[in-house]
Structures are given as structure tokens and as C-alpha cells.
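Q: Hi! I've got a structure open and I'm new to this. Could you walk me through what I'm looking at?

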Amino acid sequence: MYGPVLRGQVALMRPPRLEEAAAMSGWFEDLEVTATILRRFPPGVPAEEEWLRQAAADPTAIQWAVEHDGRLVGTTGVHQIDWANGFGTTGTVLGDKSVWHRGIAKEVMAMRARFLFLETTLRRLRSGYLVGNVASARAQAAAGYREVGRWHEAYFRDGAWVDMVLTELRREDWLAANPPS
Ligand SMILES: CC(C)(COP(=O)(O)OP(=O)(O)OC[C@H]1O[C@@H](n2cnc3c(N)ncnc32)[C@H](O)[C@@H]1OP(=O)(O)O)[C@@H](O)C(=O)NCCC(=O)NCCS
């Protein structure tokens, strides 16, 4: 599934478009962008188009494109949704690194959590970040994600094995921090 339009101060979340596959694939050519995520090799345009098609049809995923200043800068979403038990795994990539550190991820994670907890029956969002990904750690913490464990020396980056910190955001914690007005 694609997610509906969500408007914030610095970011707009909206359904992705098939013709954006080339721009999206291009993000993964940059080792700086992929240093902190699991995908390290660009998928190529046909595979990216296929990913977008599959995401649109997949009932266990909700996918958004992220815009800043009227242009595509990244994607965010929740995937591997288990509707029976109410959990899914969230992720965000701002592939246009010229817009990093403007508060986009922080706002996107907050808008995404609000939508998922108030408009769907999801009750727990799983995520994580590689140790050293300060921006992701801080953005997740601001949205209410808490560390629940780690996979030790799980991924090979820049000549070393790096831990993956596992996080989750529970609906009741989010509601306590964001009471209905
Ligand atoms: C991680 C990522 C999503 C962060 O996006 P962003 O829009 O730059 O993050 P924000 O501007 O919302 O910043 C979030 C927090 O991190 C801090 N931050 C941002 N960049 C930082 C940096 N390079 N070093 C230290 N802190 C940083 C911000 O100050 C903010 O913290 P604060 O609110 O406590 O001040 C983005 O850098 C990205 O897409 N990277 C590549 C893919 C990736 O790592 N995805 C996440 C995988 S878990």
C-alpha cells in the first residue's frame, strides 16, 4: 500500500510515483548514504520500479515518498506488518544528503507514528540503527522509540563489525506522550 498525504512544517509525505524509480535508485550509488543502512548496492531502475509496484500491492507495507521544498528527497514507511499482532518495522532513507540535518527525519517519524497509531490498528513499531548513526538515533528517540536490545557486531562497515541497536515504539507510550487534545 501507499500512504496518504501527510503535511508537516519541513516535510510532505505522499504516495511514491513509478517515474521516481531512477532518482531513488540513484540514492543508493552513494556510499555515504548507504553507510548507515543495510542496502549497499544500487538496485538499478527496473528493480526499483518493481519494488515500487510491489509496495503498492503489498498489504503488509505502507510506503511514502518524502518531499522537502517541493521536491523528492527520500522515502519512509512501515513494512513486514503483522496485522494480527499489530506490529511492523519502520524505516527512513533521505537519499538526497543535501537536505540532511534540517529536522526532516524527526518530523517524518513523528507524523508517521501519529498516522499509524491513530489511523491503523498497529500497536508497536520496530526499528533500529547502526551504532554511530547519531541522526537516526536522535530522530527515533524524539519520536519516542526506545532501545530494546542489540545485535552485536552484526554488519561490516568501513573495515569493522558494527552493532545494530534494536528499538521499538509502543502505542501506549506514544499516547502517553501525545495525549488527545
Ligand atoms: C538518518 C537520517 C534519516 C536523518 O535524517 P535528518 O533529516 O538529517 O535528521 P534530522 O535533521 O531530523 O535530525 C535528527 C536529530 O539528529 C541530529 N543530527 C542530524 N544529523 C546529525 C549529524 N550528522 N550528527 C549528529 N547529529 C545529527 C539532529 O540535530 C537531530 O537531533 P536533535 O533534535 O536532538 O537536535 C538521514 O541522515 C538519512 O537518511 N541517512 C541515510 C539513511 C539512514 O541512515 N537511514 C536511517 C537508517 S536507521
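Q: Let's start in the sheet. Which residue in S4 is the bridge partner of isoleucine 62?
A: Valine 78 in S4 is the bridge partner of isoleucine 62. Keep in mind that this is a predicted model.

Q: And how do S3 and S4 run relative to each other, parallel or antiparallel?
A: Antiparallel: strand S4 covers residues 71–82, and it pairs with S3 over seven bridges. Another of the facing pairs is glutamine 63, which stands opposite glycine 77 in S4.

Q: What happens at the turn between S3 and S4?
A: The two strands form a hairpin with two residues between them, and aspartate 69 takes a positive phi near 55 degrees there. As background, most residues other than glycine have a negative phi.

Q: OK, what about strand S2, how many bridges join it to S3?
A: Three bridges join S2, residues 12–14, to S3, and these two strands run antiparallel. Arginine 14 stands opposite alanine 65 in S3.

Q: Is S3 mostly buried or exposed, then?
A: Buried: that holds for six of the seven residues in S3 (residues 62–68), so the strand is largely enclosed by the rest of the structure.

Q: Let's go the other way. What does S4 do with S5?
A: S4 and S5 pair in the antiparallel sense, over seven bridges. Threonine 75, for instance, stands opposite valine 93 in S5. These strands form a hairpin too, with four residues between them, and glycine 86 in the turn has a positive phi of about 75 degrees.

Q: Can you put the whole sheet together for me? What's the strand order?
A: The order is S1-S2-S3-S4-S5-S6-S8-S7, in an open sheet of eight strands with mixed pairing. At the edges are S1 (6–7) and S7 (146–157), each of which pairs on one side only.

Q: Zooming out, how many helices and strands does the chain have?
A: The chain has six helices and eight strands. Along the sequence they follow the pattern β-β-α-α-α-β-β-β-α-β-α-β-β-α.

Q: How compact is the chain?
A: Its radius of gyration is 16 Å, close to the 16 Å that the globule rule gives for 181 residues, so the chain is as compact as a globular protein of that length. Along the principal axes, the C-alpha atoms fill a box of roughly 45 × 35 × 35 Å.

Q: And what share of the residues is buried?
A: Buried residues make up 31% of the 181 in the chain.

Q: You mentioned H4. What span should it have, and what does it have?
A: At 1.5 Å a residue, its 16 residues should span 22 Å, and the end C-alpha atoms are 22 Å apart, which agrees. The buried residues of H4 include Ile104, Ala105, Glu107 and Val108.

Q: Why does aspartate 158 count as exposed?
A: Aspartate 158 has 8 other C-beta atoms within 10 Å, and a residue is exposed if that number is 12 or fewer. Histidine 101 is exposed as well, with 9 such atoms.

Q: Last one: where is glycine 44?
A: Glycine 44 is in the loop between helix H2 (31–34) and helix H3 (45–57). Its C-alpha atom is separated by 5.5 Å from that of serine 25, which is 19 residues apart from it along the chain.

Note on methods:
Residues numbered from 1 in each chain as written. Predicted model: local features only at pLDDT ≥ 70, side-chain atom pairs only at ≥ 80, totals over all residues. Buried ≥ 20, exposed ≤ 12 C-beta atoms within 10 Å, placed from the backbone. Pairing = 2+ DSSP bridges. Expected span 1.5 Å × (residues − 1). Rg over C-alpha atoms; globule rule 2.2 N^0.38 Å.
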